Amino acid sequence: MALHSASQSHAAQEPADTFPSGEWVHEELLAGDPGEPCLLMGASSPVTRGDLARRVDEQQHLLEANGLRPGGTVALQLPPSVEYVATLLAAWRAGAQASLLDHRLVRREVDNALERLAPQVVVTARSASAAPMAGYAQAVAQATARAAGRPAATQHVLIQLSSGSTGPSKIIARTAADLIGELGRYELLDQYPKRGERVVLLASMVHVLGLVGGLLHCLHAGVRLAFPERLTAEGIRDAVAAGAEPTMVLGVPFHAELLTAGGGPLPQLSRMVVAGELIRPWLPGAFTDRYKVPLGTMYGMTELGVIATDLDGRTHPALAPAPGMSLRVADGELLVKMPASPYIGLIDDTRWADGWLRTRDAAVIDEATGLVTIMGRLDSQISVGGLKVDLTEVEQTLSALQEVDSAVVTYGGVIEAYLVLRAGSSVSDVESALADQLAPYKRPRDLQVLETMPRTATGKISRDRAVLRAAAGAAPTVGQ
Amino acid sequence: MTTAGREPPTRAEVIAVLAALGDRAAEDVTERIGSLELAWLVSQVEERYDTTLELTDESVLQMATVSGAVATLGELLAGAGDG
């Protein structure tokens with residue numbers, strides 16, 4: 001692996017002295033009939049485009065009162081809410097670079113992120129309330145200026161952190177032009193929702209699918225964006241049934257499984273589209289049997305947004321490259337053409353080089369049709385309900401706990417940890433310590449204590465689940 | 001909506017519902033229930049009992065384990081039946 005500094009490298013890392021103005025926010029996202037509803041959150045009154053524009057004004061004043069200036073930096077850690085949407089758009093319209101942090105991250109993860117990103121302003125929820133299992137929250141934002149913050153070093157407007165597969169997570173950055181380009185790709189997809197239609201969003205607005213494919217597309221294209229009162233099968237169906245418009249449900253495969261277990265045709269439902277991880281082979285057929293509409297799939301990455309789609313479920317599991325996307329496979333790995341590196345800071349040649357982004361996904365491209373089939377990950381990243389988790393991060397965090405002598409983390413439907421504890425420590429000690437270190441979705445669901453780590457013939461710690469489970473012996477499981 | 005006189009799910013039934021998510025064997029179901037599993041469990045119970053569970057923050061917290069879910073579903077469904 002060759003690591004070298006950004007300043008020695010690529011065009012994407014141009015200095016921010018020409019940081020783009022925030023005019024694009026109005027032109028691409030806020031323009032349109034101010035009386036037109038744009039955000040529908042449960043039974044609350046719809047938020048119109050005019051309402052949203054006023055909220056954006058308010059949040060922009062809040063940010064600027066905390067010292068945010070064009071070319072400045074702000075980090076957002078807010079639950080899904082109108083406040084989140086307004087603050088993000090306000091940051092961009094103020095001409096600033098916005099970093100998005102998942103609201104489920106724990107303090108240590110947030111502190112680490114802030115240390116690396118050095119935002120000048122941090123926005124968190126002063127108060128947030130949500131009904132149990134709600135798909136959205138009522139939040140009031142508070143902004144805090146950070147003396148140690150630094151202005152934007154590049155022209156990117158959006159910063160997201162990857163789940164780091166080796167070492168620290170990567171800082172993934174996108175420009176306004178890149179985001180607008182992705183919105184253009186969605187616009188060219190015939191089956192993707194158009195003006196006057198509606199999207200019920202189940203995916204997180206902090207991550208690329210829900211952010212660009214959901215929120216930004218809907219604002220850009222004049223599509224109403226709805227959030228369910230409850231993230232249960234009945235709650236999602238109620239959200240679909242709440243309006244008369246043709247409606248697409250956008251989520252991750254788990255949500256499609258949730259809906260496929262019950263219910264029946266809904267006249268408004270035009271299709272469901274899922275992304276974020278591979279779906280199980282039976283799911284599209286079962287979904288269509290029940291709802292009489294297609295289950296489409298998309299493939300994308302934080303670095304690029306949407307890359308390939310099968311919105312009608314006609315070519316499943318193969319996907320057609322999205323408009324303008326060039327793909328190739330090298331040594332079994334999918335590569336996507338990308339003019340500049342999406343990473344800020346250290347550049348990793350094993351992830352982007354010579355105009356191609358290495359996806360770390362195994363894939364096959366049909367030379368005759370150009371369709372691509374994603375086969376699975378080539379590294380230790382897994383997906384929990386569409387949220388990316390790197391098992392290496394979980395294992396390193398566990399291993400660093402004072403209660404733990406050694407740890408191996410594997411995945412078998414859920415995240416599993418096999419531990420050798422230090423004398424006097426218990427599993428509940430480990431669980432307590434981990435709660436301060438990792439967001440809930442990253443924590444192992446199954447913790448097995450071993451006397452010693454099983455080793456291979458060459459003396460390496462075994463990562464074979466069967467061997468580890470055997471070593472755990474008759475460890476208690478609730479099904480027995 | 002009522003539970004139509006049906007008994008609340010037993011521990012074995014709750015485990016069977018959880019195991020169906022991800023096509024797992026019952027012995028692969030962990031005592032801890034994650035947020036996705038909880039959404040699945042609530043959805044399945046609502047479907048089978050033809051009811052909408054009156055969830056509170058406290059009941060959601062209690063359903064973070066299989067044992068807690070069995071007890072809480074018993075209480076919630078008994079309440080629905082009374083109503």
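Guide: The buried residues of α5(A) pack against α1 (23-30), β8, β9, α6 (208-221) and β15 (305-310) of chain A. This is a predicted model, in which local features need pLDDT of at least 70 and side-chain atom pairs count only at pLDDT 80 or more, while totals for chains, interfaces and linings use all residues. Residues are numbered from 1 along each chain as its sequence is written, and chains are lettered from A and ligands numbered from 1 in the order in which they are written.

Visitor: Which residues of α5(A) are called buried?
Guide: They are A:Ala176, A:Asp178, A:Leu179, A:Glu182, A:Leu183, A:Arg185 and A:Tyr186. The word applies because a residue counts as buried if 20 or more other C-beta atoms, placed from the backbone, lie within 10 Å of its own.

Visitor: What makes β26 and β28 of chain A edge strands?
Guide: Two strands pair if DSSP finds at least two bridges between them. The open sheet has the order β26-β27-β28 (chain A), with mixed pairing. Both β26 (404-411) and β28 pair on one side only, so they are its edge strands.

Visitor: How many bridges join β27 and β28 of chain A?
Guide: Four, between β27 (415-421) and β28 (446-449) of chain A, which run parallel. Across this pair, A:Tyr418 stands opposite A:Gln448, and A:Leu419 stands opposite A:Val449.

Visitor: Why is the β-α-β unit called right-handed?
Guide: Because, with the strands pointing away from the viewer, the path from the first strand over the helix to the second runs clockwise. Here the unit is made of β27(A), helix α11 (427-435) of chain A and β28(A).

Visitor: How many residues of chain B are in contact with chain A?
Guide: There are 27, and they meet 20 residues of chain A. Contact here means that the C-beta atoms of two residues, placed from the backbone, lie within 7 Å. The largest share of that side of chain B, eight residues, comes from α2(B).

Note on methods. Helix = DSSP H or I, 4+ residues; strand = E, 2+ residues; numbered from the N terminus. Buried ≥ 20, exposed ≤ 12 C-beta atoms within 10 Å, placed from the backbone.
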